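User: I'd like to go through the labels on this model and check each one against its definition. Can you take me through them?

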Amino acid sequence: MGELIKVGMADANICLPPDRITTLGLGSCIGVVIYDPIKKVSGMVHIMLPDSTKIQNKENRAKFADTGIEDLLANILAKGAIKRNLVAKIAGGAQMFAFSTNNDMLKIGARNAEACKSVLAKFGIPIIAEDTGANFGRTIEFDPETGQLLVRCVGKNTYYI
């Protein structure tokens with residue numbers, strides 16, 4: 001059994017077997033895993049916001065869907081992944097607080113999920129599993145050897161996607 005590589009909020013990392021990779025406390029944030037199931041190269045990014053072009057302070061590229069996924073893709077390819085093999089799994093994007101308004105700006109979880117899907121589509125990476133939305137947080141752990149993404153939620157059963 002290898003190490004468990006931790007990805008913090010607005011952070012990204014790469015993982016090879018026998019190691020696994022995890023991120024904690026996905027509320028409205030999205031955990032994006034991109035991996036090559038043949039080469040077993042994987043990476044994870046913890047996305048906080050959908051679009052870096054709408055923010056002045058964008059030094060941390062992992063914070064945003066557009067730049068975080070782009071950088072993760074480059075790093076995975078640099079580690080030997082083959083672009084045509086790549087697939088993705090995503091989790092998170094919850095609506096953690098109830099609002100009595102229809103203001104879409106407050107629906108950050110849904111906006112994060114849509115942005116991640118859009119960026120992955122732009123790079124031609126299919127999403128083969130997704131667990132997004134609802135009103136509860138998630139912690140995820142990915143095993144590049146099996147391709148399984150473990151999802152843990154407080155008060156709910158643990159499951160794989």
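Analyst: Strands are DSSP runs of E with at least two residues, helices are runs of H or I with at least four, and both are numbered from the N terminus. This is a predicted model, where local features need pLDDT of at least 70, side-chain atom pairs count only at pLDDT 80 or more, and totals for chains, interfaces and linings use all residues. Residues are numbered from 1 along each chain as its sequence is written, and side-chain values use heavy atoms, leaving out hydrogens and water.

User: Where does R152 lie, then?

Analyst: In strand β9, residues 148–152.

User: Why is R152 called partly exposed?

Analyst: Buried means under 20% relative accessible area and exposed over 50%, with partly exposed in between (1.4 Å probe, protein chains only). R152 has 37%, so partly exposed is the label.

User: What does R152 touch?

Analyst: Contact means heavy atoms within 4.5 Å. Leaving out residues up to four places away in sequence, R152 touches G137, R138, T139, E141 and T158.

User: How do you know that β2 and β5 pair?

Analyst: Pairing takes at least two DSSP bridges between two strands. β2 and β5 (residues 41–47) have four and run antiparallel, so they count as paired.
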